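User: I'm new to this one and would like a guided look at it. Can we go through it piece by piece?
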Amino acid sequence: MKGGKALKGEVVISGAKNAVLPIIVGALLAEDICTINDVPDLADVATISEVLEGLGVKVSRNGSTMLVDSRHIDNITAPYEYIQKMRASVLIMGPLLARKGQAKISMPGGCGIGTRPIDLHLKGLEALGARISLEHGDIDAKVDGRLKGARIYLDFPSVGATENIMMAAVLAEGVTVLENAAEEPEIVDLANFLNSMGAKVRGAGTSVIKIEGVDSLSKAVHTVIPDRIEAGTYLIAAAITGGDVLLKNVIIDHIKPVIAKLGECGIDVIEEDNNLRVISNGQFKAVDIKTLPYPGFPTDMQAQFMALMAVANGISVFNETVFENRFMQADELRRMGANIKVDGRNAIIEGVEKLTGCQVKASDLRAGAALVIAGLVAEGETEITGLQHLDRGYENLVEKFTAIGADIRRVTD
Ligand code: EPZ
């Protein structure tokens, strides 16, 4: 890709990766066929579909509409290669325990951005009556009879643990109260999907979620919310290039933390009848970032914002409170001329006049997005490898950026 072009035009945001993955897994709970609309064409969606097909579930797609037929589940195991490829596969534990009384998954290993344990998932499922053992790297979760509702307090508002426990509890006997639950919009979307199947979930989006177990769940039709992280990524890409871009299919409320931060930089993001328009002159102030669970500044936007701060006026201090190793983009941004010092969960970024293009590699999904953002403004040509990371979370990335004027093309690996 070549830097220097101000982005102009319109981009349509796709369905949210971090909503559609738990929702596709949630369809396991219905002894019926669920229809899911606005499913983005992402590698992670293909992976979760393979995981479900391995359980005997039929998954079919027609454009952005997906049908998930969970009438016959004849396997309760997710093999290592899937868990290793995508951690969200652990979300099948809750629904399998609820539907089949057993789930066997391999213990997920670490990943680039952190050890990412699943202790909170397992503690919650045990509280609901599951017996969990770990042998030869496999977790075996079993329950005799039906899961039973419980009061559960999460040590950390984990998104995945909240989703796993919620999906187990909807078919449990009695009431579950989940406290210190994650409040992300994707949790609300999952709860809405489950309720449209006949579940009784109340309070999603707050820190206390109450679930009254029901005996069975039926089919549902659901449209996935837009991807707030994809939207934030395009907002920053437009801002860094001094562009003027209109984002369509956004839920403005979900992106408030990012809009507020861009406003502090002096970048105006204006609401235009349910769309978002960002106009920038390419000059912006350095601001500090502290990532927090929703509604704080999202950790999934930290790397992209670091690319912006790399060419801001002033010095930014970043504090990444959610994951322990999520500054891997810094090494690659330094190769492009950024002035970044990393110390554990803190980073100091001193804005520089310009970045220069070179060969860089994506270490994870959002670090890859940060490199694209930097490449849009770097002098000369930037070549990014490790595109498999980007393909996990950004639908039609090259096409979308090309349509708003970026000089970017995919060179087959
Ligand atoms: C979800 O991951 C997202 N993934 C992540 O997005 C996102 O960064 C993260 O939530 C935080 O918002 C999906 O939704 C598929 P967590 P998840 O459980 O559920 C610790 C992206 O780029 N923790 O909220 O794994 C954990 O180690 C991805 O789209 C425990 O200690 O996140 C981490 O430090 C990356 N024990 C923190 O909590 C547990 O049992 C947040 O993890 C679970 C989590």
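Predicted model: local features only at pLDDT ≥ 70, side-chain atom pairs only at ≥ 80, totals over all residues.

User: Thanks. Where is Asn-396, then?
Analyst: Asn-396 is placed in the loop between H13 and H14. Its phi is near 50°, which is a positive value in a residue other than glycine.

User: Is Asn-396 buried, exposed or partly exposed?
Analyst: Asn-396 is partly exposed, because its relative accessible area is 42%, and that value falls between the 20% limit for buried and the 50% limit for exposed.

User: How many residues of H6 are buried?
Analyst: Ten of the eleven residues of helix H6 (residues 159-169) are buried, so that helix is mostly covered. Among the buried ones are Gly-160, Glu-163, Asn-164 and Ala-169. At the start of H6, a side-chain oxygen of Ser-158 comes to within 3.5 Å of the backbone nitrogen of Gly-160.

User: What comes between strand E10 and helix H7?
Analyst: There is a loop between strand E10 (175-179) and helix H7 (185-196), and Asn-180 lies in it. The side chain of Asn-180 reaches the backbone oxygen of Leu-154 at 2.6 Å. Leaving out residues up to four places away in sequence, Asn-180 touches Tyr-153, Leu-154, Asp-155, Phe-156, Pro-157 and Ser-207.

User: How far is Asn-180 from Ile-348?
Analyst: Their C-alpha atoms are separated by 31 Å, and Asn-180 and Ile-348 are 168 residues apart along the chain.

User: Switching topic, which residues come nearest the ligand?
Analyst: Of the 20 residues around the ligand, Asp-119, Leu-120, Ser-158, Asp-300 and Val-322 come nearest.

User: Which side chains have polar atoms by an oxygen atom of the ligand?
Analyst: Asn-18 is one of them, with a polar side-chain atom 3.0 Å from an oxygen atom of the ligand. Arg-116 has a polar side-chain atom 2.9 Å from a ligand oxygen atom, and for Arg-326 an N or O atom in the side chain is 3.3 Å from an oxygen atom of the ligand.

User: What about pockets, say the volume of the second largest pocket?
Analyst: That volume is about 340 Å³. The second largest pocket is lined by 17 residues, and Glu-383, Ile-384, Leu-387, Arg-409 and Val-411 lie nearest its centre. The lining divides into nine nonpolar, two polar and six charged residues. Strand E22 (383-385), helix H13 (387-391) and helix H14 (397-403) each supply at least two residues of this lining.

User: Back to helices, where is Thr-233, and is it buried or exposed?
Analyst: Thr-233 is found in helix H8 (residues 228-240), and it is buried, with a relative accessible area of 3%. Leaving aside neighbours within four places in sequence, Thr-233 is in contact with Met-301, Gln-304, Ala-369, Ile-373 and Tyr-394. Thr-233 and Met-301 are 68 residues apart along the chain, with their C-alpha atoms separated by 7.2 Å.

User: One last thing, which residues does a cis peptide bond join?
Analyst: A cis peptide bond joins Tyr-294 and Pro-295, with omega at about 10°. Pro-295 is found in the loop between strand E17 (289-291) and helix H10 (302-309).

Technical notes. Residues numbered from 1 in each chain as written. Heavy atoms only, no water. Helix = DSSP H or I, 4+ residues; strand = E, 2+ residues; numbered from the N terminus. Buried < 20%, exposed > 50% of the residue type's maximum accessible area, 1.4 Å probe, protein only. Contact = heavy atoms within 4.5 Å. 1 Å grid on protein atoms, 1.4 Å probe; cavity = no way out; pocket = protein on both sides within 12 Å on 5 of 7 lines; lining within 4 Å. Points joined across faces, edges and corners; volume = space filled by probe spheres on them. Nonpolar A, V, L, I, M, F, W, Y, C, P; charged D, E, K, R; others polar. Polar contact = N/O pair within 3.5 Å; in protein donor to acceptor, adjacent residues only side chain to side chain. Near = heavy atom within 4 Å.
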